Amino acid sequence: MDFASLMKSQISGSSTTNKDSGGKKYLKRSDQEDLEHARLDRLEKKRKRDEEEAEQKRAREEKRQRLAEQSKRLREEEAEAEESARRRRLGLPELEKRPEARSEDGLPQGEEDIPDSDLQTKLRDLSEPIILFGETHRQRLRRYRRLTAKALAPKLSNGPIPTTLALLPEAEMKVPDSVPKDAAGQALLARQLASYFDMLLREWDVALSQRSREVQQSSTGKQAHGSYVAARGNLVPLFRKLETSSLAAPLLAAVHEIVHLAQLKRYVHANDAYLRLSIGKAAWPIGVTMVGIHERSAREKLHETGAASKAHILSDEATRKMLQGIKRCLSFAQVRWPPEDLGQLMG
């Protein structure tokens with residue numbers, strides 16, 4: 001490189017200036033301070049933008065969690081409404097709504113915490129995943145409580161009328177000659193009565209399903225199916241009272257007598273027991289009941305108020321429907337299991 005090229009490169013290099021210095025090769029202290037202030041301002045603006053973005057992100061996250069909680073609450077309310085509708089349809093008692101009192105650790109009062117190692121062992125024994133993705137200890141404990149509560153809940157039968165009573169096989173449905181006095185015997189009697197009516201409704205359903213399509217579509221076939229549906233619905237209060245042991249003693253004795261006679265295929269006597277249960281044995285006064293100063297013979301029977309003379313069909317609507325369902329079941333039973341003595345057939 002010759003001397004001219006070297007000088008040219010030196011001159012061009014010395015003419016380059018710093019952009020921030022405003023074309024000056026050397027900067028004053030005041031200019032440097034101004035540049036530092038400008039840099040700090042840019043950093044402050046960047047920090048404020050980052051804080052605003054973080055605040056917006058936090059607000060979006062809170063809104064998302066709030067919407068998720070609202071959606072979960074709505075789903076729980078819909079599930080609770082469906083469960084209430086199902087229980088009303090089946091005649092089960094309504095679920096009690098009780099506010100859960102929380103303890104200091106966030107668990108409902110009365111529930112003890114379980115160590116995580118023991119909790120995972122219990123979940124493994126239930127053949128359930130011990131840990132779900134993103135699941136906390138409290139959520140895992142709540143899942144375990146829900147699984148154990150579902151396992152301990154009473155199971156409903158799959159019969160025409162679902163019930164929590166343990167139904168008996170046909171060989172054990174024979175009711176005793178009289179109503180037991182002890183609680184264990186009455187509990188067994190309730191299971192026997194529920195099992196008998198459940199078997200009768202099953203046989204009725206099978207008999208209706210075995211008819212030809214032409215018979216099912218006819219007016220007589222539709223009427224027969226309507227009678228079955230009505231009897232099944234009318235017997236729901238009886239099953240609920242048997243489940244809770246709330247059936248009155250006179251009604252229990254009368255239903256026991258009807259079922260006992262029906263199992264012996266004495267349908268005429270069973271119908272007589274049904275009539276005594278429904279309309280009672282009290283005398284119904286007709287015309288003038290008091291003439292002169294002397295009473296007529298057996299006039300005191302007009303005012304008898306004993307349990308045997310009470311007309312239960314007039315008690316309430318549920319009892320009336322229950323008695324109608326029992327009567328329909330008697331009518332089908334004499335067709336399904338006809339008696340050997342034709343004189344025992346009801347009219």
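This is a predicted model: local features need pLDDT of at least 70, side-chain atom pairs count only at pLDDT 80 or more; totals for chains, interfaces and linings use all residues.
Local features here need pLDDT of at least 70, side-chain atom pairs count only at pLDDT 80 or more, and totals for chains, interfaces and linings use all residues. Residues are numbered from 1 along each chain as its sequence is written, and side-chain values use heavy atoms, with hydrogens and water left out.

Student: Why is the pair of Trp 204 and Tyr 228 edge-to-face?

Tutor: Rings of Phe, Tyr and Trp (its six-membered ring) pair if their centres lie within 6.5 Å, and planes under 30 degrees apart count as stacked, over 60 as edge-to-face and the rest as tilted. The centres of the Trp 204 and Tyr 228 rings are 5.6 Å apart. Their planes stand at 65 degrees, so the pair is edge-to-face.

Student: Which helix holds Phe 332, the residue that pairs with Trp 204 across 128 residues?

Tutor: The rings of Trp 204 and Phe 332 have centres 5.1 Å apart and planes at 5 degrees, so this pair is stacked. It links distant parts of the chain, with Trp 204 in helix α5 and Phe 332 in helix α11 (residues 317-336). Helices are DSSP runs (H or I, at least four residues), numbered from the N terminus, and the one asked for is α11.

Student: Is Tyr 228 buried or exposed?

Tutor: Buried means under 20% relative accessible area, exposed over 50%, and partly exposed in between (1.4 Å probe, protein chains only). Trp 204, at 8%, is buried, and Phe 332, at 10%, is buried as well. Tyr 228 has 2% relative accessibility and therefore counts as buried.

Student: What is the N to O distance between Arg 58 and Glu 55?

Tutor: A salt bridge is a side-chain nitrogen of Lys or Arg within 4 Å of a carboxyl oxygen of Asp or Glu. Arg 58 and Glu 55 are 3 residues apart in helix α2, so they are separated by about one helical turn. Their side chains meet in a salt bridge with an N to O distance of 1.9 Å.

Student: Which element gives the largest share of the positive patch?

Tutor: Such a patch joins like charges within 9 Å, using residues with over 30% relative accessible area and no salt bridge, and Lys and Arg count as positive. Its members are Lys 72, Arg 75, Arg 138, Arg 142 and Arg 146, and α2 (29-90) and α4 (137-152) each give two or more residues. The largest share, 3 residues, comes from α4.

Conventions
Patches are made of residues with over 30% relative accessible area and no salt bridge: like charges are joined within 9 Å, nonpolar side chains (Val, Leu, Ile, Met, Phe, Trp, Tyr) within 5 Å. Accessible areas come from the Shrake-Rupley method with a 1.4 Å probe; for residues, only the protein chains shown count as cover. The place of a charge is taken as NZ of Lys, CZ of Arg, CG of Asp or CD of Glu.
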